[in-house]
Amino acid sequence: MGEVVNLRLARKRKARAEHDAKATANRALHGRSKSEKIAETTSRQRGEALLDGHRLGKPDENGQQ
């Protein structure tokens with residue numbers, strides 16, 4: 001005879017494996033490492049500082065220069 005299998009536990013194992021596979025795929029698509037996030041932040045800050053440094057004058061209360 002074959003081995004006795006608890007179908008409830010087998011269904012739970014299968015669902016858990018599918019969930020883990022989907023989570024892995026989502027992390028690969030949407031996830032970024034901490035170093036990537038920091039690099040993007042510093043790059044954006046440098047760009048903003050560069051643009052602010054090239055301004056000819058400060059805007060007045062109405063937003064006009």
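**Notebook: salt bridges, fold and surface**

I searched the whole structure and found 3 salt bridges. I counted a salt bridge where a side-chain nitrogen of Lys or Arg lies within 4 Å of a carboxyl oxygen of Asp or Glu. The model is predicted: local features need pLDDT of at least 70, side-chain atom pairs count only at pLDDT 80 or more, and totals for chains, interfaces and linings use all residues. Residues are numbered from 1 along each chain as its sequence is written, and side-chain values use heavy atoms, leaving out hydrogens and water.

**Entry 1: the pairs**

I took Arg32 and Glu40 to begin with. Their side chains form a salt bridge at 2.3 Å, N to O. Glu40 also pairs with Arg44, at 3.7 Å, N to O. Glu40 and Arg44 both sit in helix 2 (residues 34-53), 4 residues apart, about one turn of the helix. Helices here are DSSP runs of H or I with at least four residues, strands are E runs of at least two, and both are numbered from the N terminus.

I then checked exposure. Buried means under 20% relative accessible area, exposed means over 50%, and partly exposed lies in between (1.4 Å probe, protein chains only). Arg32 is partly exposed at 44% relative accessibility. Glu40 is partly exposed at 37%. Arg44 is partly exposed at 44%. Salt bridges with shared partners join Arg32, Glu40 and Arg44 into one network.

I also noted Asp52 and Arg55. Their closest N and O atoms are 3.3 Å apart, in a salt bridge. Asp52 is partly exposed, with a relative accessible area of 46%.

**Entry 2: the whole chain**

I counted 2 helices and 0 strands in the protein chain. Its radius of gyration is 27 Å, well over the 11 Å that the globule rule gives for 65 residues, so the chain is more spread out than a compact globule. I took the radius over C-alpha atoms; the globule rule is 2.2 Å times the number of residues to the power 0.38. The C-alpha atoms fill a box of roughly 85 × 25 × 10 Å along the principal axes. Buried residues make up 0% of the 65 residues.

**Entry 3: a charged patch**

I found a positive surface patch formed by Arg8, Arg11, Lys12, Arg13 and Arg16. Patch residues have over 30% relative accessible area and no salt bridge; like charges are joined within 9 Å, and nonpolar side chains (Val, Leu, Ile, Met, Phe, Trp, Tyr) within 5 Å. Lys and Arg count as positive and Asp and Glu as negative; His and the chain ends are not counted. Arg8 lies in helix 1 (residues 7-30). Arg8 is partly exposed, at 44% relative accessibility.

Note on methods: Accessible areas come from the Shrake-Rupley method with a 1.4 Å probe; for residues, only the protein chains shown count as cover. The place of a charge is taken as NZ of Lys, CZ of Arg, CG of Asp or CD of Glu.
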